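Biologist: I've just opened this one and want a quick tour. Can you take me through it, charged pairs and packing included?

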Amino acid sequence: MPEPSVPKEAIGHGDGGSAALALGEAESLERRPGAAPSGAGPPGGVPAGKPRSLWSDAWHDLCRNPVFVVSALVIVFLVIIAIWPQLIATGNPYRADLAKAQQGSQPGHPFGFDTQGRDVYTRVVYGARASITVGVCATTGAALLGSLLGGLAGFFGGWSDTLLSRIADIFFGIPVILGGLVFLSMVASTTVWPVVGFIVLLGWPQVSRIARGSVVTAKQNDYVQAARALGAGNGRMLLRHIAPNAVAPVIVVATIALGTFIALEATLSYLGAGLKPPTISWGIDISTASPYIRSAPHMLLWPAGALSITVLAFIMLGDAVRDALDPKLR
């Protein structure tokens, strides 16, 4: 009498468990490369296809986020006028007419004139160049330096990690405004690069801590341990396995810090330690107009409003990126 056949799903314990494992391995060997397992289908009716990565999911969420769309459009507009201010301001920002000093809005001069009779609208447009340049360059420098030092310290640990932590603590203990007043008062340059260098010098410790924590978390994952067991070198593990999975928090922090750095540049310029004339800066114009806030408020309100909108746009962009890249918020 023939024995009844036992379905593979019913094989579970004892010798049957070994048989099920052998059957599964045999099926995987016999299956063509890239073919789906027998009886498997897309879960929950989801169309079959390549699964989306964290970055594609984040971009999909950002495109549907009105906060990101609005802030991105504002930033794109600011970058364009920073590169080509002549597109919307045809006047000369240095041209002065003392006969029109502190006068209000006039035809062709919607923002009025400053204390030297210069067109406030033209100076507000040209002032975006210095602020955007300082913000982008300082953020890029701080992100690269902080990511490099923090990532290496978090990956190798030991004395390098301890040394970096102590150096970062020293920089965290320096008051930013006071440090800027002391450091930049010794520099006579009228370009943006001393301000960029100072912001990078005090901005990298925050990024390094974020990068170090991300790398320490990422290197404990199973795929990193598997790569190490397979003989992958330190460089390959850092570049191929750890860095792509640890860079998201750094991007979020850098995006938010960009707006903060722009505000810091304006603050230092307002105090006379940041950018210096003849460089056109919103902070310089705010400092010049502050004594005349009652008699000619337009000189202060327009550059201050442009500064506030710029900082707010970058902070909103950073918040939207953080929400899209943080899996806990999904």
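**Charged pairs and packing**

Biologist: Is Arg 212 buried or exposed, or something in between?
Modeller: In between: Arg 212 is partly exposed, at 30% relative accessible area. Buried means under 20%, exposed over 50%, and partly exposed lies in between, with a 1.4 Å probe and protein chains only. Bear in mind that this is a predicted model, where local features need pLDDT of at least 70 and side-chain atom pairs pLDDT 80 or more, while totals for chains, interfaces and linings use all residues. Residues are numbered from 1 along each chain as its sequence is written, and side-chain values use heavy atoms, leaving out hydrogens and water.

Biologist: What does the Arg 212 side chain pair with?
Modeller: Asp 161, in a salt bridge at 2.6 Å from N to O. That bridge ties together distant parts of the chain, with Arg 212 in helix H7 and Asp 161 in helix H5 (residues 158-172), 51 residues apart. A salt bridge here is a Lys or Arg side-chain nitrogen within 4 Å of an Asp or Glu carboxyl oxygen. Helices are DSSP runs of H or I, at least four residues long, strands are E runs of at least two, and numbering starts at the N terminus.

Biologist: And Asp 161, buried or exposed?
Modeller: Asp 161 counts as buried, at 12% relative accessibility.

Biologist: How many salt bridges turn up in the whole structure?
Modeller: The search finds 8. Another one joins Asp 169 and Arg 166, whose closest N and O atoms are 2.9 Å apart. Those two residues sit 3 apart in helix H5, so about one helical turn separates them. Asp 169 is partly exposed at 31%, and Arg 166 is partly exposed too, at 46%.

Biologist: What about Asp 323, which residue does it bridge to?
Modeller: Arg 322, with the closest N and O atoms 3.4 Å apart. Asp 323 is partly exposed, with a relative accessible area of 36%, and Arg 322 is partly exposed at 36% as well. Elsewhere, salt bridges with shared partners join Arg 166, Asp 169 and Arg 209 into one network.

Biologist: Switching topic. What's the overall make-up of the chain?
Modeller: It has 11 helices and 0 strands. Of its 330 residues, 36% count as buried. Take the contacts between residues at least 6 apart in sequence: 68% of them join residues at least 24 apart. Contact means heavy atoms within 4.5 Å.

Biologist: Which residues of H10 are buried?
Modeller: Trp 282, Gly 283, Ile 284, Asp 285, Ile 286 and Ala 289. That's 6 of the 8 residues of H10 (residues 282-289), so the helix is largely enclosed by the rest of the structure.

Biologist: What do they pack against?
Modeller: Helix H4 (120-156), H9 and helix H11 (298-325). Where H10 meets H11, Trp 282, Asp 285, Ile 286 and Ala 289 touch Met 299, Leu 300, Pro 303, Ala 304, Ala 306, Leu 307 and Thr 310.

Biologist: And H6, which residues are buried there?
Modeller: In H6 (residues 176-184), the buried ones are Gly 179, Gly 180 and Leu 184. They span an arc of only 105 degrees around the axis, which puts them on the same side of H6. The arc is taken from the directions from the helix axis to the C-beta atoms.

Biologist: What covers that side?
Modeller: Among the elements covering the buried residues of H6 are helix H7 (193-218) and helix H9 (234-270).
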